[in-house]
Amino acid sequence: MESWRADAACQEVDPDLFFPVGTGSPALAQAEEAKRVCRRCPVREPCLRSALAQPHPPYGVWGGLTETERRSLERRTRRRAAERR
């Protein structure tokens, strides 16, 4: 287990909060609530790096981003790297 997890703010809340089901208003509201927890988390960056390092994007909110937001971040990062070459 990664050492940063012990300091994660999500340890203080129901883990289901970070795994909204669906794409409708309730799921979006739940994701936003999870992101609020992430915004106050002292280990948000290592959490996000861990999610981005996975071979398959993990489901749910990690490091303050949903899987859709993380995929978008990865695409932008790859595009910028390609432009620098």
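The legends below describe close-up views of a predicted model of one protein chain.

Residues are numbered from 1 along each chain as its sequence is written. In this predicted model, local features need pLDDT of at least 70 and side-chain atom pairs count only at pLDDT 80 or more, while totals for chains, interfaces and linings use all residues; side-chain values use heavy atoms, with hydrogens and water left out.

**View 1. The protein chain has three helices and zero strands.** From the N terminus on, the order of elements is α-α-α. Helices (H or I, at least four residues) and strands (E, at least two) are DSSP runs, numbered from the N terminus. Along the principal axes, the C-alpha atoms fill a box of roughly 45 × 35 × 20 Å. Of the 85 residues, 32% count as buried. Buried means under 20% relative accessible area, exposed means over 50%, and partly exposed is in between (1.4 Å probe, protein chains only).

**View 2. Lys35 forms a salt bridge with Glu32 and another with Glu69.** A salt bridge is a side-chain nitrogen of Lys or Arg within 4 Å of a carboxyl oxygen of Asp or Glu. For Lys35 and Glu32 the N to O distance is 3.3 Å. These two residues are separated by about one helical turn because they are three residues apart in helix α1. For Lys35 and Glu69 the closest N and O atoms are 2.6 Å apart. This second pair links distant parts of the chain, with Lys35 in helix α1 and Glu69 in helix α3, 34 residues apart. Through shared partners, the salt bridges join Glu32, Lys35 and Glu69 into one network. Lys35 is buried, at 8% relative accessible area. Glu32 is partly exposed at 36%, and Glu69 is partly exposed at 29%.

**View 3. Glu12 and Arg40 form a salt bridge.** It is one of three salt bridges in the structure. The closest N and O atoms of Glu12 and Arg40 are 3.4 Å apart. The pair links distant parts of the chain: Glu12 is in the segment before α1 and Arg40 is in the loop between α1 and α2 (44–53), 28 residues apart. Glu12 counts as exposed, with 61% relative accessibility, whereas Arg40 is partly exposed at 48%.

**View 4. Phe19, Val21 and Tyr59 form a nonpolar patch on the surface.** Together they have about 310 Å² of accessible area. Areas come from the Shrake-Rupley method with a 1.4 Å probe; for residues, only the protein chains shown count as cover. Patches are made of residues with over 30% relative accessible area and no salt bridge; like charges are joined within 9 Å, and nonpolar side chains (Val, Leu, Ile, Met, Phe, Trp, Tyr) within 5 Å. Phe19 is in the segment before α1 (25–39) and is partly exposed, at 33% relative accessible area.

**View 5. Arg71, Arg75, Arg76, Arg78, Arg79, Arg80 and Arg84 form a positive surface patch.** Arg75 lies in helix α3 (residues 67–84) and is partly exposed, at 42% relative accessibility. Lys and Arg count as positive and Asp and Glu as negative; His and the chain ends are not counted. The protein chain has 16 positive and 12 negative side chains, and the centres of the two sets lie 9 Å apart. The place of a charge is taken as NZ of Lys, CZ of Arg, CG of Asp or CD of Glu.
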